[in-house]
Amino acid sequence: MVLPLFPSPKNTSTTFPDSSHRLLRSDSNSSHPYARMRLYDNLLSRGYYSTRLWIGTPPQRFALIVDTGSTVTYVPCAMCEKCGTHQDPKFQPELSSTYQPVKCNLDCNCDKDRDQCIYERQYAEMSVTSGILSEDVISFGNLSELSPQRIVFGCETEETGELYRQHADGIIGLGRGDLSIVDQLVEKGVISDSFSLCYGGMDVGGGAMVLGGISAPSDMIFSYSDPVRSPYYNIDLKEMHVAGKKLDLDPSVFDRKFGTVLDSGTTFAYFPEAVFEALKDTIMKELNSLKQVSGAVPSYNDTCFSGISSDVSQLSKTFPTIELVFENQQKLLLTPENYLFRHSKVQGAYCLGIFQNGMDPTTLLGGIIVRNTLVTYDRKDSKIGFWKTNCSELWERLHVTSAPSPSPSPSPSPFPSPSPSPSSSSGKENSTFEMLPISAPEESPIYALIGEIEIGEISLDLALNVNHSYLKPRLVMLLEFMAKELGVNGSQVHLLNFTSEGNISFIKWSIVPSGSATYISNTTAINIISRLAEHRVMLPDDLGNYQLVQWEVKPPSKQTWWQRQYLVVLLGIMMFIIAGLIASGIWLWSRRRQPQIPYQPVDGAAREHELQPL
């Protein structure tokens, strides 16, 4: 696995007309259930895709990077003093009644006291994770047919590099190996030996993941994957075509060292020098009319182009398609969103998401290559399947088809629940973010509003694991930060209440329409709620982690005649006053212009005047 060292592209959704009516279902040749799970994040904002797992009894939730290049699943443990601040609180073994450390045995590496099994993994960008091996009940969410299972995982005691800095809590290892979560579930006989991933497109992100077998679509193409060659998932790549033109390459160039590896934990595509140079040169010849611009980070020497439509569906009119040709002559078509990412600083500019793999002759295909592609890792039959589709729609189909009914019984959350707000209701407009049944936790809800409604206020209850006295002087800064992250004006954000319980602070705040608007659109409201609920807003490190406990949308308040017309009335009064003042000023000015006649008493002596001769 190669964790990204720099941000990568936002994803977009592309509609494929012949796939909209298809439904995925359990493999008809298998009686095993499967775990259906939602994917989050995208390549631009995070550089990875993640899913949710719940560990322990009662369950503790974690956001884990989906990685086919890792063979162990791990999360930071409460005793880890060398772990970074991540999306969720650390795992607390003492709170789980089903937790057990794995005792030292002949099949594992042991600690210096030969008491517990330990693990350590180092990745290509030199980040390291280490800790103790533990066993506990892992749940996959209420959308899963698979019941909770006891799984061995890593309880981190140290992490460095990108692992320390990343937002996600840890990694779910899907590679080949005894500690892989797939191998463990297959060994237990609870799933068939297969799993599938479907990454959302540019500007969309998200997607779906399935642990277990599914029925392959009839037009899915396959490549042989040799399980003996390496623990990585490889494909039998032989040729590459750009705009229908075959690259002049020796087929053996794709077969060196580990061969051509498909790695979901890698962001971009990395090729041996000969392949990279040929691929880049051919693409550049197709784009000779476009203006080149520097990348967002000059030290990376990205190849970028400007003056292009921001509409992703129009990219194919400018950029060529690429074909990967397998040994069996089946071809995987790559559209521009499978090798481009948006420039983060120049509007209408895109950069190539393909790079040279240093001096390593391995061909490494990361997540960008398989956006909007259902990829099935059929380990039983040693093949990998590819099916172009709209992954955001695929998740909707997986969510609707024969999904188990969520259990209403809640489980304890790392954050205690605040007292209900008097303004909250139990109607459809009010939603609790997380109600996790102990047996099978529910995934984050779909944030749908019934019909197109006018929204006058979005009320939000946040819980933060930060001390009340520390947070209080930083409240204004926090709300300004939230407004900026959510794309609203600071004047739209209002603090309603601020309380605490122990070391947890509760903030009730609202977002109202901007001064020129009368209501908030449904799209804006759903975007705000989902971004908070899915932790896509990253707080400054000193403010810890947060959880959206509750949200509510309210219609615009009904205004009286005075509230609607007060500005007009006020303006009329002001104009009347101004007109009166002007009239008074004119009258006084005209009075002062009249000649002054001296006053004399009636009985006063009259001044004598000299008679003038006629």
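The following questions and answers go through a predicted model of one protein.

Biologist: How many helices and strands does the protein have?

Modeller: The protein has 614 residues, of which 53% count as buried. Its secondary structure consists of eight helices and 34 strands.

Biologist: What share of the contacts with a separation of 6 or more comes from residues 24 or more positions apart?

Modeller: The count takes in contacts in the protein between residues with a separation of 6 or more. Among these, residues 24 or more positions apart account for 73%.

Biologist: Which strands stand at the edges of the open sheet of six strands?

Modeller: The order in this sheet is β2-β13-β12-β28-β29-β14, with antiparallel pairing. Each edge strand has a single partner strand, so one side of each is left without a neighbour in the sheet. The edge strands are β2 (35–39) and β14 (221–224).

Biologist: Which residue of β29 stands opposite Y224?

Modeller: Strand β29 (residues 383–388) pairs with β14 in the antiparallel sense, over four bridges. The residue of β29 opposite Y224 is K383.

Biologist: Which helix packs on the open sheet of four strands?

Modeller: That sheet has the order β17-β16-β22-β23, with antiparallel pairing. Its edge strands, β17 (245–246) and β23 (331–334), each pair on one side only. The helix touches β16, β17 and β22 (322–326), and its direction makes about 20° with that of β16. This is helix α3 (residues 273–286).

Biologist: What is the bridge partner of V242 in β17?

Modeller: Strand β16 (residues 237–242) and β17 pair in the antiparallel sense over two bridges. The partner of V242 in β17 is K245.

Biologist: Which residues of β3 point the other way from S50, R52 and W54?

Modeller: In a regular strand the side chains alternate between the two faces of the sheet. Strand β3 (residues 50–55) is mostly covered, with six of its six residues buried. S50, R52 and W54 point one way, and the residues pointing the other way are T51, L53 and I55.

Biologist: Which residue takes a positive phi in the hairpin of β3 and β4?

Modeller: β3 pairs with strand β4 (residues 60–67) in the antiparallel sense over six bridges, and R52 stands opposite A63 in β4. The hairpin has four residues between the strands. The residue with a positive phi, near 100°, is G56.

Biologist: Are R61 and D88 buried or exposed?

Modeller: The side chains of R61 and D88 meet in a salt bridge (3.4 Å, N to O). R61 lies in strand β4 and D88 in the loop between β5 (74–76) and β6 (100–101), so the pair ties together parts that are 27 residues apart in sequence. Both residues count as buried.

Biologist: What is the relative accessible area of R150?

Modeller: R150 forms a salt bridge with E135, with the closest N and O atoms 3.9 Å apart. R150 is in strand β10 (residues 149–159) and E135 in strand β9, 15 residues apart. E135 counts as partly exposed at 23% relative accessibility. R150 is also partly exposed, and its relative accessible area is 28%.

Biologist: How many residues apart are K257 and D360?

Modeller: K257 and D360 form a salt bridge, the closest N and O atoms being 3.3 Å apart. K257 is in the loop between β17 and β18 (260–262), and D360 is in the loop between β26 and β27. Their separation is 103 residues.

Biologist: Is M359 buried or exposed?

Modeller: M359 is in the loop between β26 (354–356) and β27 (363–365). Residues over 50% relative accessible area count as exposed. At 77% relative accessibility, M359 is therefore exposed.

Biologist: What is the area of the nonpolar surface patch that includes I582?

Modeller: I582 is found in helix α8 (residues 561–593). The patch is made by L570, M574, I578, I582 and I586. Its area is about 480 Å².

Key:
Residues are numbered from 1 along each chain as its sequence is written. This is a predicted model: local features need pLDDT of at least 70, side-chain atom pairs count only at pLDDT 80 or more; totals for chains, interfaces and linings use all residues. Side-chain values use heavy atoms; hydrogens and water are left out. Patches are made of residues with over 30% relative accessible area and no salt bridge: like charges are joined within 9 Å, nonpolar side chains (Val, Leu, Ile, Met, Phe, Trp, Tyr) within 5 Å. Accessible areas come from the Shrake-Rupley method with a 1.4 Å probe; for residues, only the protein chains shown count as cover. A salt bridge is a side-chain nitrogen of Lys or Arg within 4 Å of a carboxyl oxygen of Asp or Glu. Two strands pair if DSSP finds at least two bridges between them. Contact means heavy atoms within 4.5 Å. Axes are lines fitted to C-alpha atoms, for helices over the stretch in contact, and angles run from 0 to 180 degrees between N-to-C directions. Buried means under 20% relative accessible area, exposed over 50%, partly exposed in between (1.4 Å probe, protein chains only).
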